[in-house]
Amino acid sequence: MSSNTLDPLATALAEHRSGNLPAAEQLYRQIVSQAPDHAAALNLLGALCLQSNRAAEAVEWINRAIAINPTVPDYFSHLGAAYGVLGNHDAALASLRRAVQLDPRAANAHYNLGTALRNAGRLEEAVASFRNAIASDRNAPESHYNLANALAELKRLDEAEASYRDALRLKPTYMRAMINLANLLKDRERLGEAVEVLRDAVAADPKHLNARINLGSMLRDAGEFNEALETLQSAVALGPTSAEAHNNLGTVLHALAEFDLAREHYDQALKLDPKLADAHFSRAMCLLREGDLAEGFAEYEWRWKCKPFQRPFAQPRWDGSPLAGRTLLLFAEQGLGDTLQFVRYAAVAKRRGGRVVVECQEPLIALLQSCPGIDDLVSFGSPLPHFDVQCSLMSLVGVLGLRLEELWEGPYLSADPARVATWRERLSRSKGPRVGVCWRGNPKHLFDSQRSFDLRQLAPVQQAIGVPLIGLQKDAAGLIKESGLDVVDLGPELDADGAFLDTAAVMMNLDLVISADTAVAHLAGALGVPIWLALSANSDWRWFIGHDDSLWYPSMRLFRQAKLNQWQDVFGRMAEEAATLPARSDAS
């Protein structure tokens, strides 16, 4: 090969490395037109095409280079990367394995093979390849980062965290590693650490939009709503065309009970990206909260494209049409309270003429035996019988086309008579109104800090009724003692298995239940027991707006905060009402 051919290649490569791709491509093409067997130029032209998102063209050029010289590892490495972009995983793996064979110590070849294996879903093999890349070059942060990603997908979280930290040790401002580490820490319920990692990321690069969006969302999840608001407002200012920034800002405004402003940002997000599933889901919350069931539940179906929702079955989704003898699987997908609320519609589905199977949480199996319309109950993880169509319990209102006035189906649950009799005897000494209380929900719920309340808030209610409250809260002895209130703590005696059978029986012997927005409230409503629900100003969509009663449960009254996080007025109004409760006539 003459020196006058090498000079243009060096010039082209310099342009390529400087980022001047059009000039580099022109020079490469000149070389290969003059020297069609110039393998190095062919390979580099293919690499440039790959870099320019022209993977199919890249494959053609690199294969020509390999046909001329099949002994260069980089050629196969580039070819494998191009096949990977095209989604041809088998060809990508074959090319990259050949690159590794030609140079077992080439860190780049192992790295690219690991990437291809991960893209093909072969995570254990990907981990091995990334470890081989690190063994060849321990100072490449990308290898540690991608090893961490593969380990995280395998749920090997200790190893994943260590690998993210290795990547950051080598490159302290590696933004993708910081963001992924923060998400991993959140998954490990170390939210405070996650927030600090993202604060460091934003400090390192204040103009990094994704870091700022993630920090705002993490602060929201940590309940730091005011700081989250400031962070996401700055994200929108930094990236006004970012649909994700607008949607996440909307969720924080929603948490602060600024519903109209939240809706504006959801709508803007969808103008910017009509397929942004999270924004459709957010908009669904607004529509449903306003009582627009038809459009709200249509938007709600976008949740299947959001994390952490996952549609688990291949059978077709039921569209609400007559079942004509077919078997319908209704499955629970969210919390215990959601299952208790929506299982009532099994009876409506049953009236469409088929067999109804319900898959739900194991603790609810016994209680739901009393629910009409269910032919078979199956707990999560147990083998399912044959079924023809499926539908989530949470989708049924929309699928069935129900109107607001058609939501009640009950009482649709009942307590075990023998347990009811046992608890009647147990509670027979109560002389005043029997008022059961539950003040905490699942602490993992995103807005639990808003919906749960301190037991001491119930002091005016106890003073009004003049007798001990009846505690329905599990694991609450310490909180009851700290509160100073007179509470009969039934928690240790109630449903060690979480089945709600004793709780239901106790409720049937109460005059009233006062509860936070949690599963206990839905149980009382489903049983037809009088229930007063204490609601945050940022109440869940299902309680609609403008109501102090519940369209889901006629026995329920809603007591809403006038101002976010201010409970005093709520329990003051409850106390006024509680003072009129009569003493029980059956007290001994």
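Lys and Arg count as positive here, Asp and Glu as negative, with His and the chain ends not counted; each charge is placed at NZ of Lys, CZ of Arg, CG of Asp or CD of Glu. Select those atoms: the mean positions of the 59 positive and 72 negative charges of the protein chain lie 2 Å apart.

Before you go on, this is a predicted model, where local features need pLDDT of at least 70, side-chain atom pairs count only at pLDDT 80 or more, and totals for chains, interfaces and linings use all residues. Residues are numbered from 1 along each chain as its sequence is written, and side-chain values use heavy atoms, with hydrogens and water left out.

Now zoom out to the whole chain. Its C-alpha trace spans about 110 × 55 × 40 Å along the principal axes. Of the 588 residues, 53% are buried (under 20% relative accessible area, 1.4 Å probe, protein chains only).

Switch to cartoon: you'll find 29 helices and 10 strands. These are DSSP runs numbered from the N terminus, helices being H or I with at least four residues and strands E with at least two.

Next, pick out the open sheet: six strands in the order E7-E6-E5-E8-E9-E10, with parallel pairing (two strands pair if DSSP finds at least two bridges between them). Select 487-489 for strand E7 and 556-560 for strand E10; these are the edge strands, each pairing on one side only.

Last stop: select 435-438 (strand E5) and 469-471 (strand E6), which pair in the parallel sense over two bridges.

Note on methods. Buried means under 20% relative accessible area, exposed over 50%, partly exposed in between (1.4 Å probe, protein chains only).
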